[in-house]
Amino acid sequence: MKYDSFLYNPKTYTLAALIIGYILIEELTVDDQNAVGNWLMTIGQVLDGNAAIAQAIQNKIDASQNNNNNGNNVNNESIINCIKEDKKTINELREMIKKIEKRLDELSR
């Protein structure tokens, strides 16, 4: 997904968040506000964590390409191996999620 809307004024996003927050305060109980707030923060943490990892990988790629200029010993093969390990971990996590969902379905019956 590509969002060109991030080119607009950041104050608009802040104002929108403020308005949505106040609307939710009026519509939700305190417990629901806590649950939704924590859920939204989790989404933010996932996005932030993913961006940090992607940025670190890109920095290693950039350093590898400029290896002669700055003396960095990072090579493309090590980056590819890291990415393969990340994909393996993601697939393992997907399988765990499926097992958890299956178990939750069994418990809810």
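# Close-up views

**View 1. Arg 103 and Glu 106 are separated by about one helical turn, being three residues apart in helix H4.** The two residues form a salt bridge (a side-chain nitrogen of Lys or Arg within 4 Å of a carboxyl oxygen of Asp or Glu). Their closest N and O atoms are 3.4 Å apart. Arg 103 is partly exposed, at 45% relative accessible area. Glu 106 is partly exposed as well, at 39%. Buried means under 20% relative accessible area, exposed over 50%, and partly exposed in between, with a 1.4 Å probe and protein chains only. This is a predicted model, in which local features need pLDDT of at least 70 and side-chain atom pairs pLDDT 80 or more, while totals for chains, interfaces and linings use all residues. Numbering starts from 1 along each chain as its sequence is written, and side-chain values use heavy atoms, without hydrogens and water.

**View 2. Glu 95 and Lys 98 form a salt bridge.** The closest N and O atoms lie 3.7 Å from each other. Glu 95 is partly exposed, with 41% relative accessibility. Lys 98, at 51%, counts as exposed. The salt-bridge count comes to two.

**View 3. The largest pocket holds about 230 Å³ of space.** Its lining draws two or more residues from each of helix H2 (30-65) and helix H4 (76-108). H4 gives the largest share, six residues. The lining includes Gly 49, Asn 50, Ile 53 and Ala 54. Asp 86, Lys 87, Thr 89, Ile 90 and Leu 93 are also among the lining residues. By class, six are nonpolar, three polar and two charged (Asp, Glu, Lys and Arg are charged; Ala, Val, Leu, Ile, Met, Phe, Trp, Tyr, Cys and Pro nonpolar; the others, Gly among them, polar). A pocket is an open set of points on a 1 Å grid over the protein atoms alone, where a 1.4 Å probe fits, with protein on both sides within 12 Å along at least five of seven lines; lining residues have an atom within 4 Å of a point. The volume is the space filled by probe spheres set on the points, which are joined across faces, edges and corners.

**View 4. Ile 57 and Ile 83 both line the largest pocket.** Ile 57 sits in helix H2. Ile 57 is partly exposed, at 22% relative accessible area. Along the chain, Ile 57 and Ile 83 are 26 residues apart; their C-alpha atoms are separated by 8.7 Å.

**View 5. Leu 15, Leu 18, Ile 19, Tyr 22, Ile 23 and Ile 25 form a nonpolar surface patch.** Together they have about 590 Å² of accessible area (Shrake-Rupley method, 1.4 Å probe; for residues, only the protein chains shown count as cover). Tyr 22 belongs to helix H1 (residues 10-27). Tyr 22 is exposed, at 53% relative accessibility. Such patches join nonpolar side chains (Val, Leu, Ile, Met, Phe, Trp, Tyr) within 5 Å, from residues with over 30% relative accessible area and no salt bridge.

**View 6. The protein chain has four helices and zero strands.** From the N terminus on, the order is α-α-α-α. Helices (H or I, at least four residues) and strands (E, at least two) are DSSP runs, numbered from the N terminus. Of the 109 residues, 4% are buried. The chain exposes about 10,000 Å², with 58% supplied by carbon and sulfur atoms.

Technical notes. Patch = residues over 30% accessible without salt bridge, like charges linked within 9 Å, V, L, I, M, F, W, Y side chains within 5 Å.
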